[in-house]
Amino acid sequence: MSVNSARSRRTLLTKDGARHALPLFLPVYQPREPVFQLAREDIDGCIVNAYFLYKQRALRERLTDPSSLKAHVGFAGLVATDSGAFQGLTRRLYLKNADIVRFQDRIGSDIISPLDLITPPGDARTVALGKLRTTHKRVRQALAIAERGLVAGVQQGGRFLDLRRDSAAHMAELEVEYLAIGSLVPFFNRAHSLAFAGAVLRDARRLVGERVPMHVYGAGEPVELPFMVALGADVFDSSSYAHYARGGWYMTPYGALSDPGRVLAGEFRCPCPHCAAAPTAEAVFADFEALKAHNLWTICHTIRELRAFLERGGNLNSHLAELLDIHQRWFPESRLGPTWEALHE
């Protein structure tokens, strides 16, 4: 699969007139995480959970104008918001789509998320179809409400590729300026398989055209991001840097490691400032904050290197082949290589 030349020209233009180079990674804003404060120079944007802001009445009343959100976060770059859809998977939110959309627009979110219905892989077709229709209704409502921010037209459809296609086609009919791929991460979380996720991304890009930025909700594994970019994705968000660190995983561009011995053996030398400041690789693995900081730097660095590579007109296929060569040697059971090759057939 070759990368269309339009891939390197696509940018994200927000309604305030700011133009952002793509691809882009938006770490989930964690106000109590020291790592997020330390990483401000490394990140190009972030995503904030608007539901958590909205449900705090005193805070909601303080956030009243288009500068409120960025002032609250303390970050002047691109700030997107999530609606609380993920929390709706495990609890009743007592929240109306119109209310959370208006709130996001009022406080100055650059990218507004409607209250879509997350569709896990286990959902039956009738359930997936019902959630898709409700999500479409909420996207249409959000487009009619929002004035300041871009509305994310969210694709759903669960494990049913035809529903996914119908959803992306509907977003194209609505002429959304920003497409978000919802509920996709569970399909490639196990063994890095791109079989389903790759087909979804490729179809979505074809249906919405080359100009619309495409966001994959929840994607944040460095080794997978370049392949998703090749399939047409542009924007990613995740708190994976913290989740991986909590499990003792050390991110690299070729896959996450749980054994410091592999780093010590010289298979990988990390250039990040957090590893450079540590006396040994074991010290990074043993320090939760250092491991989080390393992971976040690795994701951001991966995206920035990829962006620079595309801007130079580099051959992305060659770059992906090099990544796969190392990845498959480190993780021979991974499905990344075989499923990537299958997408070319």
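In which loop is the place of Pro23? The close-up views described below, all taken from a predicted model, begin with this residue.

**View A. The peptide bond from Leu22 to Pro23 is cis.** The omega angle of this bond is near 5°. Pro23 has its place in the loop between strand E2 (19-21) and strand E3.

**View B. Strands E3, E11, E10, E9 and E8 form an open sheet with parallel pairing.** The sheet has 5 strands, and their order is E3-E11-E10-E9-E8. Strand E3 (24-27) and strand E8 (153-155) are the edge strands, each of which pairs on one side only. On average, neighbouring strands of this sheet are turned by 25° against each other, with direction ignored.

**View C. Strand E10 runs parallel to E11.**

**View D. The largest pocket has a volume of about 1,200 Å³.** Its lining consists of 43 residues. Nearest the centre of the pocket lie Val28, Asp82, Phe86, Asp237 and Ser239. Several helices and strands each supply at least two residues of the lining: strand E4 (45-49), helix H2 (50-54), helix H8 (185-188), strand E11 (235-238) and helix H11 (240-246). By class, the lining of the largest pocket divides into 21 nonpolar, 15 polar and 7 charged residues.

**View E. The largest cavity has a volume of about 30 Å³.** The count of cavities of 30 Å³ or more comes to 1. The residues that line the largest cavity are Phe25, Asp42, Ile43, Asp44, Cys300 and Ile303. Of these lining residues, 4 are nonpolar and 2 are charged, while no polar residue takes part. Rolling a probe the size of a water molecule over the atoms shows where empty space is left.

**View F. Tyr250 and Phe268 form an edge-to-face aromatic pair.** A pair of aromatic rings is described by the distance of the centres and the angle of the planes. The model has 10 aromatic pairs in its count. In the pair shown here, the ring centres of Tyr250 and Phe268 are 6.5 Å apart and the planes stand at 75°, so the pair is classed as edge-to-face. Tyr250 lies in the loop between H11 and helix H12 (260-264), and Phe268 lies in the loop between H12 and helix H13 (273-277); the pair therefore ties together parts that are 18 residues apart in sequence.

**View G. Glu175 has a positive phi although it is not a glycine.** The phi angle of Glu175 is about 60°. Glu175 is found in the loop between helix H7 (161-173) and strand E9 (179-181).

Notes
Residues numbered from 1 in each chain as written. Predicted model: local features only at pLDDT ≥ 70, side-chain atom pairs only at ≥ 80, totals over all residues. Heavy atoms only, no water. 1 Å grid on protein atoms, 1.4 Å probe; cavity = no way out; pocket = protein on both sides within 12 Å on 5 of 7 lines; lining within 4 Å. Points joined across faces, edges and corners; volume = space filled by probe spheres on them. Helix = DSSP H or I, 4+ residues; strand = E, 2+ residues; numbered from the N terminus. Nonpolar A, V, L, I, M, F, W, Y, C, P; charged D, E, K, R; others polar. Pairing = 2+ DSSP bridges. Axes fitted to C-alpha atoms, helices over the stretch in contact; angles between N-to-C directions. Phe/Tyr/Trp six-rings, centres within 6.5 Å; stacked < 30°, edge-to-face > 60°.
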